[in-house]
Amino acid sequence: MDLGKDLVAASATPLVLAILAEGESYGYAIIKRVSELSGGHLHWTDGMLYPVLHRLERHGLVASKWRSSESGRHRKYYRLTKEGRTQLEAQRKRWQIVDETLNRIWMKACRA
Amino acid sequence: MSAGPGHAPLEEQIGQWRAYLRRRRAFNGPDVEELETHLRDQVAVLTQAGLAEDEAFLVAVKRMGSLDALSREFAREHSERLWKQLVIAPEGDAGRGTATRTETLVVFALAVAAALAIKIPGLFGRELDDAHAPFYVRNASLFVLPFLTAYFVWKRRMDPRHCVWLAVPFIAAAVVMNIFPFTRDSHTERLSALHLPIALWLVVGIAYVGGRWFQGGGRMDFVRFSGELFIYYVLIALGGGVLTAFTMMMFQAIGMKPDWIAQEWLIPCGAMGAVLVGSWLVEAKQSVIENMAPVLTRLFTPLFTILLLAFLATMAWTGRPIDIQRNVLIAFDLLLVLVVGLVLYSASARDPEAPPSLFDGLQLLLIASALVVDAVALAAIASRISEFGFTPNRVAALGENLILLISLAGSAWLYAGFLRGRKPFRALEAWQTAYLPVYAIWAALVVVLFPPLFAYA
């Protein structure tokens, strides 16, 4: 299902932050995790993840480091910072409000 | 991944993709590397799932998204990268890094050499003062242009044995400028001093194009280089002025007299060294920053066209004749130089394959109005030339006027042909670049022939 550009863009920040809250990770793994979590419904153009990561890094929500993985590939790993964690909490609250509001009206519509 | 027979094509494809990414301003080195790791991860997973390597590569590239959209997103996030910085030590291969360092050293050494060269005559009793000012004015270009030529001989990897003859004009110029018995403050001396750099600039140009003056687009590149160097030199001079002002102000504040630092060291040495440094910056940045000269051309072509048309209209309306003052011929020469410059630099930035545009029409209008204005001025001068007599200044100014007129008339003719679709734009470009040596040869004639012809007066 096509979620539309705006919704994908808006959900990108909380998703990336939440995934990094599980532990540090790198671009390709993050994309895979998003696909997994959404059951394949949420699909990003791969490259677009990187500007998002760089923006989060500029705002100090994530930090990055180049490191070689076990497979010997040189990768840029991202991890959540303290500010990132605070921001994730704030985002979670916001999205919960949206979610609950929509749920309430859709429940009503179902019952009616 | 195995190093099987299918391995090389994939590496080649990834290499091409990487090079393509590198050419975009929005991505820097680490970004490209990060995206490349992603691509490789994706290809590895897809080949494990059973795809052939080239198929996997195509799918991975597709999933990465359109490069245009991607570079737009990167540019939005890293807007500072669009303000392309002049990178003196470019990121990338280590080999290129050392090459840049060597070049920095060579340029630095040559700049210091040029800066010190102007102090050498001082060691032999020719101090930089009013008494020896004519000597320095005559020889100014000889202190710096040989070093600039040497830089290009080195940079273009010309065989030094084949370009020894490049030294001949410099030696000849040094001999001529210093054995001619000029009368002090004479017109011929000033004319020679003024024309020598123009004549020698052709020698720099020959070194710039690596000795292949008649091949390829080298001559137009040299025109571009000259324009950019002029702009850089003005900027460096402005900075140097600020530096000098602060030097004076600060040392005066502690009761010292710093004039000699400024007059004997800062200004002359800076003026010489800046030519080398400016040239090097232009060489380093040519692919990085938009050329400035064509931008200025675009800005001022319409304005000068309006000026010339308004001048002609006013003259026709009021019937006022041109007041023939002593310097009026030189003023109109300068006007023609300016128009030639505007035409040359707009041609240097134009895509020769593009069809005629409104701006081309404007160029033709500019040339035509300049020709008419000059014709009016020449007619006014011709009627009184016998009254003035033939002084060296006047002959030089008339000769220059003639040369510039021919150049502009040729450009106008070819522009008209181009606008009517009869001639390619390349013909115009070829005319302008072919004409370049004429200026230098005329300048050389003024330097060498005028002083004896006019008895060094």
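Chain B contains 17 helices and 0 strands, as seen in a model that is predicted. When its extent is taken along the principal axes, the C-alpha atoms of chain B occupy a box of roughly 95 × 60 × 50 Å. Of the 457 residues in chain B, 30% are buried. With regard to the contacts within the chain, when those between residues at least 6 apart in sequence are considered, 79% are found to join residues at least 24 apart.

The chain is divided into three parts, namely domain 1, which covers residues 7–82, domain 2, which covers residues 95–285, and domain 3, which covers residues 292–453. Between the C-alpha centres of domain 1 of chain B and domain 3 of chain B, the separation is 51 Å.

Chain B also meets chain A, and in this interface 13 residues of chain B are in contact with 14 residues of chain A. On the side of chain A that touches chain B, at least two residues each are supplied by the helices α2 (27–37) and α3 (49–58) and by the strand β3 (74–80) of chain A. Among these elements, α3(A) gives the most to that side, contributing 4 residues.

How values were computed. Residues numbered from 1 in each chain as written. Chains lettered and ligands numbered in written order. Predicted model: local features only at pLDDT ≥ 70, side-chain atom pairs only at ≥ 80, totals over all residues. Buried ≥ 20, exposed ≤ 12 C-beta atoms within 10 Å, placed from the backbone. Contact = placed C-beta atoms within 7 Å. Domains from an automatic or database assignment.
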